[in-house]
Amino acid sequence: MIPAAFEYVRADSVDAALSALTKYGDEAKLLAGGHSLLPLMKLRLAAPSVLVDVGRLDDLRYINDAGDYIAIGALTRHRDLETSSLLASAAPLLAHAAGHVGDPQVRHRGTIGGSLAHADPASDLPAVALAMGATIVATGPNGTREIAASEFYTGFLESALAPDELLTEIRIPKLDTQGWSFQKFNRRAQDWAIVGVATVRANGSTGVGLVNMGSTPLLASAVMNAVNSGANAADAAALANEGTEAQSDINASSEYREHLARVLVRRSLEESGLS
Amino acid sequence: MKITVTVNGVERSGDVEPRTLLVHFLRDELNLTGTNIGCDTSSCGACTIHVEGQSAKSCTMLAAQADGLELTTIEGLANGDILHPMQRCFQENHGLQCGYCTPGMVMAAISLLDENPNPSETDVRIGLEGNLCRCTGYHNIVKSVLACAAESNGASK
Ligand SMILES: Cc1cc2nc3c(=O)[nH]c(=O)nc-3n(C[C@H](O)[C@H](O)[C@H](O)COP(=O)(O)OP(=O)(O)OC[C@H]3O[C@@H](n4cnc5c(N)ncnc54)[C@H](O)[C@@H]3O)c2cc1C
Ligand code: FES
Ligand code: FES
């Protein structure tokens, strides 16, 4: 399986990447770790005519304490997240979930920016970003803007990023975490979740993100509202499917996904300390 | 486009199409056919090599992405007739049946021990989750990796 032919441009700076995007417009796709895009290109489900490789932008590979939040460069790899001592103490949910993405080979190459920008509802890190109330920083020809994770996902594999923008940074608020949990249900270790749930209880409120329960990564808003107004884990988890539109596929029917969501949300709330 | 990589310590150049996958460059251009292609869909790990010292699936990288980087393939492990300890442990523990997954398993296992020199059996099983053995010979593969870890820990004590 070989991708359709394309032109390859390696960007050696953010500016170079942005000018390439402006120059080639809709024809171009950014290439970070390539672990979502290349499999699609090999299946010819994607056939961009220009690839702008940002994989060498080491300036965008960092995890820093920025005071109120943790700043993570878009090119930071899953393995960096998994082994970061800063994240282990300040955002353990993210470090843990990153350690469950794919397999070690995937984690050595795949990036957080690619994971969030790809906007795959089956991906783990978007649900974590939603649960934690992350902010996504996009840089374009006219400068930088911030997008709340809750506003970022607009459709299947579609995000609020404009075609000429680069996702440059992810900001994770520093939360006073009381409890967290990441539940990933799959049949083989390396697989994507059939359903996944990311929960964080912090600063007096609870965030719950859902993996693979619709065409975009989702917040379990009904569950969050219930917990935040005092419901127990069992009652809140019963609302796990509100606002979801789980699909049926080779791995699971939509009914089974809905059942899993209720079970996993309950486990997730309980594991994060809600009775 | 022209690319240059350092494979097994030797600088090698080639002229590739941008869409050339790294595994095809290694096998077809550099004649390093020890790296196998199992699934071609990023699932099986047969094509695992080291990129800058870390395991990676060479069917899921462009040759262009490897330009200027250091690569190690299964051919780069042995020192003449002396096998790398991981290769020897696979041999001694019968860690292979048909052998098709073996180059990828060995490369993944070395990367695993680099990151976790003292793994439990569960750590080894989880650490090799990206590698499938069609012969399902996992028992002896895990045994081989644990033997290699024990041996190098013994040696360093
Ligand atoms: C075998 C296998 C198993 C996997 N299992 C899982 C799993 O269990 N859970 C999971 O969450 N993921 C899984 N993945 C996907 C993996 O996490 C990818 O690494 C990740 O989704 C994409 O990151 P990337 O850097 O490889 O992005 P790429 O593939 O390079 O890019 C993905 C998309 O994002 C765009 N993009 C990339 N970077 C930027 C940026 N900075 N700004 C704007 N757009 C950008 C690209 O143009 C492209 O459209 C798996 C992948 C494989 C091959
Ligand atoms: S051939 Fe690369 S993962 Fe199977
Ligand atoms: S030994 Fe045959 S595939 Fe593993």
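These notes go through a predicted model point by point.

1. Ground rules. The model is predicted, so local features need pLDDT of at least 70 and side-chain atom pairs count only at pLDDT 80 or more, while totals for chains, interfaces and linings use all residues. Residues are numbered from 1 along each chain as its sequence is written, chains are lettered from A and ligands numbered from 1 in the order in which they are written, and side-chain values use heavy atoms, with hydrogens and water left out.

2. Where ligand 1 sits. Ligand 1 lies between chains A and B. The shell around it has 30 residues, and L30(A), A32(A), G34(A), H35(A) and T111(A) come nearest. A residue counts as near if one of its heavy atoms lies within 4 Å of the molecule or strand.

3. What builds the shell. Elements giving two or more residues to the shell around ligand 1 are β2 (28-31), α7 (112-118) and β10 (166-173) of chain A. Of these, α7(A) gives the most, with four residues. Helices (H or I, at least four residues) and strands (E, at least two) are DSSP runs, numbered from the N terminus. By class, the shell holds 12 nonpolar, 14 polar and four charged residues. Here Ala, Val, Leu, Ile, Met, Phe, Trp, Tyr, Cys and Pro count as nonpolar, Asp, Glu, Lys and Arg as charged, and the others, Gly among them, as polar.

4. E7(A). This residue is in strand β1 (residues 7-10) of chain A. E7(A) is partly exposed, at 40% relative accessible area. The classes are buried (under 20%), exposed (over 50%) and partly exposed in between, with a 1.4 Å probe and protein chains only. Beyond its neighbours within four places in sequence, E7(A) is in contact (heavy atoms within 4.5 Å) with Y24(A), S49(A), V50(A) and L51(A). L51(A) is 44 residues away in sequence, yet the C-alpha atoms are 6.2 Å apart.

5. The four-stranded sheet. Chain A has an open sheet in the order β11-β12-β13-β14, with antiparallel pairing. β11 (177-185) and β14 (218-219) stand at the edges, each with a single partner strand, so one side of each has no neighbour in the sheet. Strands pair if DSSP finds at least two bridges between them. Seven bridges join β12(A) (residues 195-202) to β13(A) (residues 205-211). V197(A) stands opposite L210(A) in β13(A).

6. Two backbone angles to check in chain B. N31(B) has a positive phi, near 60°, and is not glycine. N31(B) is in the loop between α1 (22-29) and β3 (48-51), and is exposed at 59% relative accessible area. Phi of H94(B) is near 55°, again positive in a residue other than glycine. H94(B) is in the loop between α2 (85-92) and α3 (102-115), and is exposed at 52%.
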